[in-house]
Amino acid sequence: MSVVTTAETGFGASRFAQRLAREVAGEVRFDRASRARYATDASIYQIMPLGVVLPRSVEDVMATLALAREAGVPVLPRGAGTSQCGQTVNRALVLDCSKYLRRILAIDASGRTATVEPGVVLAELNNALRPMGLFFPVDPSTHNRCTIGGMAGNNSCGAKSIRYGLMADNVNAIDAVLIDGNRYRFGPLPLPEMPHEPFATLISRLLALGKAEAEEIAARFPRLLRRVGGYNIDALTPDAIAKGRASLARLLVGSEGTLAFSAAIELKLSPIKPRKVLGICQFPSFRSAMEAVKDLVSLDPEAVELVDCTMIDLARAIPIYSATVDQIVREGTDCLLIVEFHGDADAPLAASLSRLEEMMADLGHPHAVVRVTDAARQAEIAELREAGLNIMMSMKGDGKPVSFIEDAAVALSDLADYTERLNAVFQRHGVKGTWYAHASVGCLHVRPVLNMKDPADVAKMRAIAEECFALVRAYKGSHSGEHGDGIVRSEFHEQMFGPRIVRAFEHVKEIFDPLALLNPGRIVRAPRMDDRALFRYPPGYGPDPSFRPKLNWSEHPGGMLGAVEMCNNNGTCRKFDSGVMCPSFRATREETHLTRGRANLLRFALTGQLGAEGIRSPALVEALSLCVSCKACKRECPTGVDMAKMKIEVLAAQAEENGIAAGMRLVAELPRLAPFAARFPKALNLRNRLSLLRRFSKRLGFAPERALPEWRKDVFRDAEAKNHAPSAKREVLLFADTFNRYFEPENLRATLAVLAAAEVRAKLPLVHGRPLCCGRTYLAAGQVERARAEARRTLAALAGPLPVIGIEPSCLLTLRDEFLSLLPRDQAGELASRAFLLSEYLEREQISLPLRPLRQTAYVHGHCHQKAFGAFPAALALLRRVPELAVNPITATCCGMAGAFGYQAETQSISRAMAEAGLLPALRAAPAEALAVADGTSCRHQIRDLAGRKAVHSVQVLAMALAFPATAIPP
């Protein structure tokens, strides 16, 4: 049964929409919020679709196409929506293939082929192929979220195209559905036997076109590997047939969903080369790097990738990349060429690096190669390189590197002169360009920095595009080398290919799609690329003046809206292969519950495009309902989109409008209620023991099946730190959080023992009344002013020069994060500079501990905030000090507890799904006698409830390992 959301007016309430809902088993959506989430891709454009369908099967697709054909409704197939040229936005019915159409249909290891549905993510395919020693070699930087269908639509390439070619070179066949409802297999030509009608006529018409236009194609198509503009009609010529390159599949690859729907794609696989080395070549100038490329390519590398000075500087400012940059960039370097060699054995690769060093010396750059042979460092460099676009887009303010000429390719012999002349174009227009990517094939991603809200800069964009493409024509290059045509380049086909070829493109479109319903206006009959009505920032765009944020957003030009606009829609948050981001998307595969989807909806709300309710919109509240405020996006999103902070603003607006539910109010007031509640632990703990009380708690929003944290009678009291470590050489302030104080006091007692063994005296701050609180529970309820009051109180109590030490990541790290948005930045910044988790402090100061051996294995789960603030490595390093303790970090996203999230009745299934995305499988596989270690109180409770084993704080492990044990892990 379809899930149908009808729009408030118009198309969503139409007879077409109702028929679609009845006849499609997948999800059908016509509400404004759903359409808004699909109105943008990674380009500068925004076009509201008519509706969205998430088909569960190819049969759903065929039913949708049939209804669309009957009603004259345009259709747009879409994968991950990471296109940079506007080919995945249109006023059409969007078919999102990424949620359900992601089956690997067949793998023939001996024949080295795989057949997949269009929504299969490249990284997931390669994970399935790896045990067979195979992979699919087309590797765009978005490999961890791009879909095979999107890659085929785009004719994607990637860093290794010099070795493996383009997508068109690696697709054997496509089973495609045409707009007339017929499904055919498009493969190599000539066919072994003539197919039945009407397929036979279609093929005959295509071959006739290829024969008629063969001379014009030979004269006008650039003779470069990186030519992806227009339709691949060169695959239809007699010459292509004679050389074995003729293919109907090749024609469909790169067609951007304008010709047919790819129901199944047969891919050509390659064997994995198990060894890899990198040579990071340092150059004192951009020109010298460009001149060197053709020589470096002669060494037969797998890839040669450019990193320019702008990318180096921006990456240094991003915490997740700064250490990598410092390791590979030497002083005086202006730009890098990263040269990769792959193979089956180490010795030949070492020889390749030696030849690279010799060549660099011959080119006048001796001792200018940084060798990287360690796999972990190679992975870090790959992550840096693949994040190139996002790193460039991390520039704050309205000026951003804009994709419109970023895909041009020229011959390597012309590369230095072309790039120098293009830089001169930028200088004439008073702009700067950023450069990076595929030097090995002459396809550099260059983006001028422009403000797409400024009509003057839009005019510059047009002028630069025309001058750039004139240069490309002069060098007989390709204006579209990897990212496709979309809106941004389709209108230039006539300049690049000539009118006759463009008429041939139009003829191909008419053969396949005579009604022009499949992604119309892309590749042929395109709109102007500078039509501001199609822009993400159209005329009249601006913030809703009635909205006043509660937090300080001064770090972003443009305030909160400027922070939201940092999302460039490139979709890093859709990844599954590493890190934490985005746990709700990993559990649901829903654009609704994705950082990008939320940012798009927030931008609509903040600019009046979501309706009069703006940030109070119920649709926005729904979109944020599964956001667990893990802060992974703050660190892992290369542009630093901080959805946890944005959620606070939405919650605050909602609380102001509608109040706060009783259960959430209880959670918010926990720090105030705790001193009183701790007097009656037995009575309060009855809720976990009596089914009647469990059921009653559901009225407050708590899941009856989940046990709430147990109140303790032996709560931690400040007096316990009196006369602590009297002979200590150092002093710290211990920030005793509410959760460990009242629910797990043994952790604070273990902290005192560890600090004493480290000869560090722990002092408790002097406070009047109840203990200090970070205010996080108030923020979770949208009570910003109550949180601000707690922050002021905490700031005053922690004044002074002493380091502030805590053991609960979510509480201590609030001092380093939210306090900066609640309090004057100079005061909050001073406290943040001396606030550390215990493990961070001991590692930072390199304070030794007298530790005895522990012959055990520890499986360690990092709290999301530990990871978001780069504190997890310190926790692992401290544990690894324990002799004979084997420390195994668990690779997982959020545990799914996330404060009260895991206790709420309405989020139970999602909480469990998050835990299953790495954490629970790892713990099930761990030996029963192994230690489960987690520094987050929420994480420990989730592990206890769902994995059925006790998890301990790392400080307990250290205390147990002390040479003179002062405490032990309780049973």
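**A residue in a loop, and what lies beyond**

Tutor: A168 is buried, with a relative accessible area of 7%, where buried means under 20% relative accessible area, exposed means over 50%, and partly exposed lies in between, with a 1.4 Å probe and protein chains only. Before going further, please keep in mind that this is a predicted model, in which local features need pLDDT of at least 70 and side-chain atom pairs count only at pLDDT 80 or more, while totals for chains, interfaces and linings use all residues. Residues are numbered from 1 along each chain as its sequence is written, and side-chain values use heavy atoms, with hydrogens and water left out.

A168 lies in the loop that runs between α6 (161-164) and β9 (171-177); these labels number, from the N terminus, the DSSP runs called helices (H or I, at least four residues) and strands (E, at least two). Setting aside residues up to four places away in sequence, A168 touches N155, N232, R250 and V253, and touching, or contact, means heavy atoms within 4.5 Å. Of these, V253 is 85 residues from A168 in sequence, yet their C-alpha atoms are 5.7 Å apart in space.

V882 sits in the loop between α40 (872-879) and β25, and it is buried, with a relative accessible area of 2%. Apart from neighbours within four places in sequence, V882 is in contact with L851, R852, L854, L958 and A961. R852 is 30 residues away from V882 along the chain, while their C-alpha atoms are separated by 6.8 Å.

The strand β25 leads us to a sheet. Four strands form this open sheet in the order β25-β24-β26-β27, with parallel pairing; two strands pair if DSSP finds at least two bridges between them. Because β25 (886-889) and β27 (951-952) stand at the edges, each with a single partner strand, one side of each is left without a neighbour in the sheet. Further in, β24 (residues 857-861) and β26 (residues 931-934) run parallel and are joined by four bridges, and V860 stands opposite V933 in β26. In general, strands of a sheet pair through backbone hydrogen bonds, either parallel or antiparallel.

Three bridges join β19 to β17 (residues 399-401), running antiparallel, and K400 stands opposite L450 in β19. Six bridges join β19 to β18 (residues 433-438), again antiparallel, with W435 standing opposite V446. β18 and β19 form a hairpin with four residues between them, and G442 in the turn has a positive phi of about 70 degrees.

Helices can be compared through their axes, which are lines fitted to C-alpha atoms, for helices over the stretch in contact, with angles from 0 to 180 degrees between N-to-C directions. The axes of α17 (residues 415-428) and α18 (residues 455-474) come within 10 Å and cross at roughly 160 degrees. The two helices are therefore roughly antiparallel to each other, given that angles under 35 degrees count as roughly parallel, over 145 as roughly antiparallel, 65 to 115 as roughly perpendicular and the rest as oblique. Their contact is made by Y418, R421, L422, V425, F426 and R428 of α17 together with I464, E467, C468, L471 and V472 of α18.

A second pair, α23 (residues 595-606) and α26 (residues 643-658), has axes that come within 11 Å and cross at roughly 40 degrees, which makes α23 oblique to α26. Here the contact is made by T595, R598, A599 and L602 of α23 and by M643, M646 and V650 of α26.
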